[in-house]
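Good morning, and thank you for making time for this item. Please bring up the sequence and the model, and I shall take you through them.

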2 protein chains.
Amino acid sequence: LTVWLVGAGPGDPELLTVRAAAVLARADVVVHDALVGSGVLDLAPARAERIDVGKRPGAPVPQGDINELLVELARRHDTVVRLKGGDPYVFGRGGEEALALLEANVAFEVIPGISAAFAAPLTAGVPVTHRGVSASVTVLTGHRRHGEPEPDWAALSMLIVHGGTVVVLMGVGQRAVIAAELMGHGVQAQTTVAITAHATTRRQHVMRCRLDQLAATAIETPAVITIGAVAALDLRPRRPPAG
Amino acid sequence: LTVWLVGAGPGDPELLTVRAAAVLARADVVVHDALVGSGVLDLAPARAERIDVGKRPGAPVPQGDINELLVELARRHDTVVRLKGGDPYVFGRGGEEALALLEANVAFEVIPGISAAFAAPLTAGVPVTHRGVSASVTVLTGHRRHGEPEPDWAALSMLIVHGGTVVVLMGVGQRAVIAAELMGHGVQAQTTVAITAHATTRRQHVMRCRLDQLAATAIETPAVITIGAVAALDLRPRRPPAG
């Protein structure tokens with residue numbers, strides 16, 4: 001095995017899986033996104049090379065370049081860890097990297113991670129499904145690339161109207177459009193929205209608003225926006241955790 | 001902290017989070033579902049009491065009884081671990097338990113887990129989102145309780161027709177209905193379905209079929225059914241993992 005596509009989880013290093021932490025601890029080189037925090041990167045050996053493909057003056061590294069980099073690194077190292085925020089296959093573009101590795105005949109394995117799509121609502125005290133309230137959860141991203149189609153606002157709105165939960169990743173910049181489209185397709189203006197910024201990190205910050213207040217609500221990024229009846233629940237423990 | 005609602009992940013003990021494994025290792029009592037395997041339970045101390053609330057002659061323990069049990073155990077033990085397959089808040093009924101603990105003023109914390117909703121497709125080589133193919137993923141359960149409404153088949157079908165992914169947990173018994181409803185609402189009969197039984201365990205078994213073959217396909221339980229264009233991808237590594 002040479003390349004490991006590893007989900008780093010939502011931020012907190014203790015939310016890596018046991019297997020991910022073990023593989024990271026023996027990495028020769030770690031190729032990571034901007035969203036992967038230093039606490040997670042510290043789990044790699046000090047000697048391991050760290051390559052940040054998320055940050056760059058101007059723009060992130062193009063996906064094709066990352067794919068080529070992984071193939072190239074696999075020729076030189078025993079354990080290449082491609083570390084991705086959340087889960088590699090949930091808006092992580094891991095599928096594109098797996099395809100490139102398959103085509104190059106490079107051995108690889110994929111380790112799932114805790115997606116912020118579920119963990120961010122959880123930290124806001126929101127169960128994405130709840131008996132008698134929500135029987136489905138839909139995850140989408142607010143960040144579309146040029147030429148990609150609009151989300152199916154009519155279908156998403158139908159789901160919310162019937163109690164379903166919609167979770168939007170990377171949606172802060174599009175929050176005015178999201179709110180307008182959903183309300184335009186029948187979602188009530190007073191539907192609760194729960195917002196978790198910097199989920200599971202020390203900077204974690206939870207807010208709630210009505211859907212018609214979302215556009216005017218100031219939100220730090222990265223943030224996860226949870227829309228639907230469950231967002232009105234707040235199951236956060238009242239007593240502070242003892243540590 | 002007394003009660004921990006802990007996601008046990010999809011089956012493989014190495015897919016617990018680091019934090020979940022640490023809390024389990026110091027549990028005084030573990031209250032677990034039938035879906036939590038022995039490999040995971042072995043992470044608890046030998047001295048810890050294990051209470052299986054998933055199996056019983058006839059039927060599982062009613063949710064209200066589980067809620068009461070957790071409140072009662074919290075009065076007698078320092079570390080009560082409520083261990084749930086997957087993630088506590090993704091079709092895990094963890095929200096109901098959190099509500100009961102809040103109402104009883106019992107301190108608790110929730111630790112997310114890897115949901116089979118994402119991990120089962122991953123083990124089938126399916127990325128639930130993939131650039132240019134799927135920009136959303138919807139998770140629902142085929143197991144509805146008496147009196148609960150039907151899934152919104154029209155909305156789900158619209159999402160699939162536009163490339164979205166639908167993942168059905170506990171849907172084996174309802175697979176004929178699921179296929180008929182989706183095809184009746186415009187999903188093409190030749191849409192690929194990927195099925196993962198016993199995901200991430202030694203008994204793991206992956207199958208693919210067309211939507212119109214789903215009803216006639218024999219499937220072991222538990223299984224996760226992934227429907228949509230991404231299911232036609234198969235990104236499983238061709239070389240066997242070296243271990």
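I shall begin with the single chain, then turn to the relation between the copies, and end with the salt bridges.

Please keep in mind that this is a predicted model. Chain A contains seven helices and 10 strands. Its C-alpha trace spans about 55 × 50 × 35 Å along the principal axes. For 243 residues, a compact globule would have a radius of gyration near 18 Å, and the 19 Å of chain A agrees with that. Of the residues of chain A, 59% count as buried. Among contacts in chain A with a separation of 6 or more, 68% are between residues 24 or more positions apart. The chain exposes about 9,800 Å², of which carbon and sulfur atoms supply 52%.

Let me turn to the aromatic rings. The count over all chains comes to one aromatic pair. The ring centres of A:Phe118 and B:Phe118 lie 4.7 Å apart with their planes at 5 degrees, so the pair is stacked. Each partner lies in helix α5 (residues 116-123) of its own chain, so the pair joins two chains. A:Phe118 counts as buried at 6% relative accessibility, and B:Phe118 is buried at 5%.

Next, the charged side chains. Over all chains, the search finds 24 salt bridges. One of them links B:Arg19 and A:Glu14, at 2.8 Å from N to O. This pair crosses between chains, from helix α1 (residues 18-24) of chain B to the loop between β1 (3-7) and α1 (18-24) of chain A. B:Arg19 is buried, with a relative accessible area of 18%, whereas A:Glu14 is partly exposed at 38%.

Within chain B, B:Asp33 forms a salt bridge with B:Arg82, the closest N and O atoms being 2.9 Å apart. B:Asp33 lies in the loop between β2 (29-32) and α2 (38-41) and B:Arg82 in strand β4 (residues 80-84), so the pair ties together parts 49 residues apart in sequence. Both B:Asp33 and B:Arg82 are buried.

Key. Residues are numbered from 1 along each chain as its sequence is written. Chains are lettered from A and ligands numbered from 1 in the order in which they are written. This is a predicted model: local features need pLDDT of at least 70, side-chain atom pairs count only at pLDDT 80 or more; totals for chains, interfaces and linings use all residues. Side-chain values use heavy atoms; hydrogens and water are left out. Rings of Phe, Tyr and Trp (its six-membered ring) pair if their centres lie within 6.5 Å; planes under 30 degrees apart count as stacked, over 60 as edge-to-face and the rest as tilted. Helices (H or I, at least four residues) and strands (E, at least two) are DSSP runs, numbered from the N terminus. Buried means under 20% relative accessible area, exposed over 50%, partly exposed in between (1.4 Å probe, protein chains only). The radius of gyration is taken over C-alpha atoms; the globule rule is 2.2 Å times the number of residues to the power 0.38. Contact means heavy atoms within 4.5 Å. Accessible areas come from the Shrake-Rupley method with a 1.4 Å probe; for residues, only the protein chains shown count as cover. A salt bridge is a side-chain nitrogen of Lys or Arg within 4 Å of a carboxyl oxygen of Asp or Glu.
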